[in-house]
There are 2 protein chains.
Amino acid sequence: MPPLSNSNMTEVQSDWQERCARRKRVQTESIPPEWIIELPPKSQLNVMDVPRKCGLLSILELEITESDVPVILDMLRWAQWSSVQVTTAFYKRAIIAHQLTNCLTEIFVERALARAKELDEHLAKTGNVVGPLHGLPISLKDQFTMKGLETIMGYAKWIGNYADSDCVLVEILYECGAVPFVRTNVPQTLMWGETMNHVFGRTLNPYNLAFTPGGSSGGEGALVAMKGSPLGVGTDIGGSLRIPSAFCGLYTLRPSYGRLPYSGAVNALEGQESISSVLGPMANSLSGVKIFTKAILDAQPWLLDPLVVRKGWAEDEYRLIHHGGGDKLCFAIMWDNGVVKPHPPLHRAMVLTKKALEAVGHEVIEWEPHRHLEIYKNAETIFAADGGHDYRAQCEGFEPLIQTMSPTTDSHENALDEPLVKGLVGEPYHRTAYELWQLHAEKRELRKSHLDHWRATKSRTSTGRPVDAIIAPAVAYTAVPHGLNTDSFYTTLCNALDYACSVFPVTFVDPEVDDPHPPHRFYNHEDEHIYKLYNSDLFPGCPVALQLIGGTQEEEAVIGMTEIVVGALDKMNEEHRKS
Amino acid sequence: MPPLSNSNMTEVQSDWQERCARRKRVQTESIPPEWIIELPPKSQLNVMDVPRKCGLLSILELEITESDVPVILDMLRWAQWSSVQVTTAFYKRAIIAHQLTNCLTEIFVERALARAKELDEHLAKTGNVVGPLHGLPISLKDQFTMKGLETIMGYAKWIGNYADSDCVLVEILYECGAVPFVRTNVPQTLMWGETMNHVFGRTLNPYNLAFTPGGSSGGEGALVAMKGSPLGVGTDIGGSLRIPSAFCGLYTLRPSYGRLPYSGAVNALEGQESISSVLGPMANSLSGVKIFTKAILDAQPWLLDPLVVRKGWAEDEYRLIHHGGGDKLCFAIMWDNGVVKPHPPLHRAMVLTKKALEAVGHEVIEWEPHRHLEIYKNAETIFAADGGHDYRAQCEGFEPLIQTMSPTTDSHENALDEPLVKGLVGEPYHRTAYELWQLHAEKRELRKSHLDHWRATKSRTSTGRPVDAIIAPAVAYTAVPHGLNTDSFYTTLCNALDYACSVFPVTFVDPEVDDPHPPHRFYNHEDEHIYKLYNSDLFPGCPVALQLIGGTQEEEAVIGMTEIVVGALDKMNEEHRKS
């Protein structure tokens with residue numbers, strides 16, 4: 001398609017801006033007026049305390065929204081709380097979160113409450129729950145189509161795109177008794193580690209509104225962090241579950257390709273199958289992650305989605321049958337991937353985790369990075385194989401393609417003009433099918449080589465097994481000011497190699513202990529940029545999270561091993577408090 | 001690459017012909033002279049009795065080579081037969097088969113016997129077998145690389161292509177105690193349903209040397225049919241395991257993508273991942289198929305191959321836990337796929353199977369074909385997405401690209417000049433990555449639609465479940481004269497939809513009962529061509545086989561259900577003999 005002429009563009013632009021503004025007004029009008037709160041002063045950047053202080057939520061609603069998922073499910077199951085109560089509580093808190101961080105897209109209060117009422121009636125009448133998620137409100141990234149609702153996914157062109165059926169995930173969530181109750185914001189194209197589009201605008205980080213919550217599942221990140229949802233569902237093709245989870249202090253699981261049902265959800269780069277996007281849960285606890293994953297796998301999703309692996313929840317793998325029962329594990333820490341050195345709070349989080357694991361008898365060795373940059377380059381080249389044709393096709397004639405997530409072009413003295421990926425992938429170039437096949441051949445060789453590298457760690461452990469899991473940063477830094485998130489080196493590794501992995505929060509940035517690090521010999525200009533970005537005064541209170549990396553399709557074991565790590569950290573913190 | 005000029009081509013051609021002839025001579029010289037037999041008269045087209053009559057095999061060697069796989073394994077385990085004995089017996093019979101059908105590529109007698117001797121010594125010394133395939137000779141299609149051997153795969157360019165490591169399958173076969181002992185012939189490019197290339201020539205069907213054994217695993221087909229190997233391994237991307245198994249009267253399993261380890265094997269269209277080639281066993285019994293599949297899955301192939309599904313042999317699925325324990329199954333017969341009507345022997349085989357299943361209490365209904373031609377077109381367009389670039393790249397400067405499998409251009413009055421696929425896919429055209437992605441999106445929609453169609457059969461069965469399996473022809477006809485195999489409609493369906501499926505022989509063409517069929521209203525010109533091809537006098541004695549189609553990654557259940565079908569047929573035949 002030839003580019004539009006300038007005169008046409010002006011017309012189209014005024015049209016799209018009006019179109020987007022109209023849609024945004026519709027969203028605003030869908031908020032019940034009694035749920036509008038008084039906003040804190042502009043100078044207040046951390047808004048995490050607003051739900052408790054704004055007065056909209058009752059004591060019971062605060063209790064409900066601050067309970068862990070298994071507690072909520074128990075209270076629902078024994079009819080101590082009704083689903084209408086629980087859904088109302090989370091809806092109100094979600095609307096609070098939205099007013100502060102702009103995290104929502106679709107708001108459909110009546111529909112959600114009607115569903116909750118049905119579930120309450122079913123329980124009252126039969127004495128039985130509908131399924132393992134009975135009555136639980138669940139938020140969904142703006143890709144998971146629901147019959148009768150628009151799925152806009154950040155594209156002006158998609159306004160008015162009403163779904164005539166539920167995607168498979170939603171179908172299964174209904175079977176499980178869940179209450180889908182809001183959908184959440186994404187960046188245009190989905191291929192950013194931040195969250196901004198022309199229709200719904202920018203999502204902010206509730207720990208610091210001047211910072212990004214990450215992306216592309218950034219709406220979920222901000223919402224769940226504020227406890228506006230007990231359980232969110234996002235997607236991940238290069239870090240889109242893990243970056244917002246890390247930046248917002250949440251737990252997540254990036255499962256391997258085809259483990260959880262994506263069928264019927266809309267997507268960017270539709271039909272790109274070389275490195276598949278996957279969906280996963282985001283929650284304030286690992287128990288929420290486990291409950292979601294088990295519920296979906298127990299529902300035999302392969303009966304509805306032809307791309308799903310025929311393998312239900314494997315309890316024995318969760319019990320670490322292939323990892324010596326979990327009695328003594330050997331973890332390898334990736335202190336540094338050799339591409340981008342992590343900021344001091346990340347280093348501290350790894351030190352803490354190492355100490356905690358060793359204190360309870362596990363072994364911790366060093367991970368030796370293997371062909372990291374080659375793997376990254378292969379993946380990024382695959383994502384760009386169409387030379388951007390898909391993005392342009394969605395935007396052309398409707399809105400400009402967003403070129404930066406920066407609110408201004410010079411938002412920070414250390415803004416990175418040329419991310420490393422550009423140098424690796426080169427200028428946009430539309431590859432042929434044959435050229436794409438060569439990238440696949442290269443990818444397979446890299447995957448085999450990395451697997452062999454992992455297997456070879458057997459000689460360095462005392463367990464008789466290769467390293468059980470890798471512990472690494474999810475991102476080289478904590479949440480950063482809008483427009484400055486460039487790193488997806490630590491996350492993309494797992495998408496390219498299809499390793500199942502989790503993210504878990506470890507601590508918060510603390511200026512007392514997270515001093516600026518001494519300069520090192522920079523790996524590349526992006527490493528240097530990231531080094532210069534750091535200033536412990538800038539990031540206080542931001543969550544610091546790590547990634548636990550397991551093998552392909554080791555979702556159950558990854559959850560099991562993350563529980564062990566989190567348990568070890570909790571124990572260490574507990575002892576620290578006592579002493 | 002520009003086409004070579006004519007003058008260059010002549011030089012190159014004389015060179016490649018000499019190069020191929022030289023390699024063929026090396027092969028011939030690798031046959032132990034004492035194993036050269038006197039060939040039957042040229043007029044004898046069916047050579048199935050030659051191994052028994054030629055005098056090369058001892059009584060014991062005949063017994064060994066005509067025993068079923070579990071019997072051989074038992075005799076090896078209890079040291080009643082040594083692996084050297086067994087390997088020698090099969091090697092001799094393989095060389096007989098080769099002299100009749102030209103089925104082999106790599107011949108390495110000394111190496112195989114040395115391996116067998118090692119295994120015998122291990123057993124004598126320790127009293128233990130090395131693994132579940134201890135001492136069993138296994139033949140491999142010419143894609144499975146073995147350290148130190150050439151892997152030519154039908155390309156003149158690949159002569160001298162010595163592997164410096166074993167592929168993962170071979171690595172696992174060694175772990176299991178097997179004795180890889182020959183490699184078998186393929187067509188140039190692998191993308192033919194017959195078996196001929198410039199290096200090793202054409203493979204013939206032992207039931208009728210004027211006929212093709214099918215392809216691309218046609219070397220295995222001819223070899224295993226003659227009992228020159230107890231167990232062969234082939235591959236399948238559009239029917240390459242199933243066509244030769246059907247044409248040669250064998251059992252096979254086409255597993256779903258990534259169930260069995262392909263890593264390290266060479267391939268055509270390297271890096272094409274949209275519809276993946278898979279490997280599977282070919283044998284004279286279903287027990288051979290099961291033993292191979294279970295042995296490989298029990299070896300945890302995902303530890304060595306990053307693309308393999310993390311799921312071992314599921315005994316409960318083999319016991320049909322998801323199919324009511326197998327007590328009462330409902331099969332749907334695909335009498336006709338609406339594209340190509342099967343020949344009378346195939347129809348008769350389906351009638352026999354229906355009767356046999358009903359006689360033992362199972363239900364049989366009709367399968368309603370669903371978007372068959374759309375699915376086929378999508379798959380064929382994907383295979384041709386590079387406009388033939390990969391084939392040309394392998395041939396250019398080394399040999400001409402083969403344009404027909406016909407020995408002469410007018411071998412048969414009904415030779416099909418324009419297969420339907422050409423009309424569907426159009427002229428060769430190199431697609432872009434974006435265009436390939438659109439084909440993927442279409443493929444996903446087709447897979448989801450077909451799965452829903454299958455699920456909807458629940459309303460037509462009496463079991464409370466959707467149809468348990470589909471029974472269909474593997475090919476619309478039995479083996480045909482060289483150059484005339486054009487149908488892959490019945491097989492490609494399963495590659496495109498990734499349904500696990502088996503092939504099992506049912507009967508033989510019998511001029512007494514398989515009369516020419518009355519003409520029907522032809523679906524298309526290829527259907528008409530195939531109709532005209534049939535003449536029961538032409539095909540007497542050819543094996544007639546069917547396909548059993550299960551769900552994606554239902555390998556265990558497919559084997560379990562095929563056992564039930566084969567058992568029902570055996571019972572019916574037994575009763576027929578008695579009456």
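Predicted model: local features only at pLDDT ≥ 70, side-chain atom pairs only at ≥ 80, totals over all residues.
Strand 9 (residues 330-333) and strand 11 (residues 469-473) of chain B run parallel and are joined by three bridges. Within this pairing, Phe331(B) has Ala469(B) of strand 11 as its bridge partner. Strands in a sheet pair through backbone hydrogen bonds, in either the parallel or the antiparallel sense.

Zooming out, the sheet in chain B is open and has 11 strands, in the order 1-3-2-6-8-7-12-13-11-9-10, with mixed pairing. At its edges sit strand 1 (104-107) and strand 10 (363-366) of chain B, each pairing on one side only. On average, and ignoring direction, neighbouring strands of this sheet are turned by 30 degrees against each other.

Helices pack on this sheet too. Helix 6 (residues 109-126) of chain B touches strand 1 and strand 3 (179-184) of chain B, and its direction makes about 160 degrees with that of strand 3. Helix 12 (residues 344-359) of chain B lies across strand 9, strand 10, strand 11, strand 12 (501-508) and strand 13 (543-549) of chain B. Its run is at about 60 degrees to strand 13 of chain B.

Now for chain A. Here there is an open sheet of 11 strands with mixed pairing, and the strand order reads 1-3-2-6-8-7-12-13-11-9-10. Strand 1 (104-107) and strand 10 (363-366) of chain A are at the edges with a single partner strand each, so each has one side without a neighbour in the sheet. From one strand to the next, the twist averages 30 degrees. Strand 9 (residues 330-333) and strand 11 (residues 469-473) of chain A pair in the parallel sense, over three bridges, and Phe331(A) has Ala469(A) in strand 11 as its bridge partner.

Helix 6 (residues 109-126) of chain A lies across strand 1 and strand 3 (179-184), at about 160 degrees to strand 3 of chain A. Helix 7 of chain A lies across strand 2 (137-141), strand 3, strand 6 (232-236) and strand 8 (278-283) of chain A, and runs at about 175 degrees to strand 2 of chain A.

Then there is the meeting of the two chains. In all, 50 residues of chain A are in contact with 50 residues of chain B. About 4,000 Å² is buried between chain A and chain B, with carbon and sulfur atoms giving 56% of that area. Across the interface, 22 residue pairs are in polar contact. On the chain A side, the elements giving two or more residues are helix 7 (168-175), helix 13 (372-383), helix 14 (389-395) and helix 16 (433-455). Helix 16 of chain A gives the most, with 13 residues. Sorted by class, the side of chain A that touches chain B has 19 nonpolar, 15 polar and 16 charged residues.

Side chains of opposite charge can pair when their charged atoms come close. Between chain A and chain B there are six salt bridges, including one in which the side chains of Arg444(A) and Glu273(B) meet at 2.9 Å, N to O.

Over all chains, the whole structure holds 64 salt bridges. One within chain A joins Glu150(A) to Arg23(A), with the closest N and O atoms 3.0 Å apart. This pair links distant parts of the chain, 127 residues apart: Glu150(A) is in the loop between strand 2 and helix 7 of chain A, while Arg23(A) is in helix 1 (residues 6-29) of chain A.

Methods
Residues numbered from 1 in each chain as written. Chains lettered and ligands numbered in written order. Heavy atoms only, no water. Contact = heavy atoms within 4.5 Å. Buried area = accessible area lost by both parts, 1.4 Å probe. Salt bridge = Lys/Arg side-chain N within 4 Å of Asp/Glu carboxyl O. Polar contact = N/O pair within 3.5 Å; in protein donor to acceptor, adjacent residues only side chain to side chain. Helix = DSSP H or I, 4+ residues; strand = E, 2+ residues; numbered from the N terminus. Nonpolar A, V, L, I, M, F, W, Y, C, P; charged D, E, K, R; others polar. Pairing = 2+ DSSP bridges. Axes fitted to C-alpha atoms, helices over the stretch in contact; angles between N-to-C directions.
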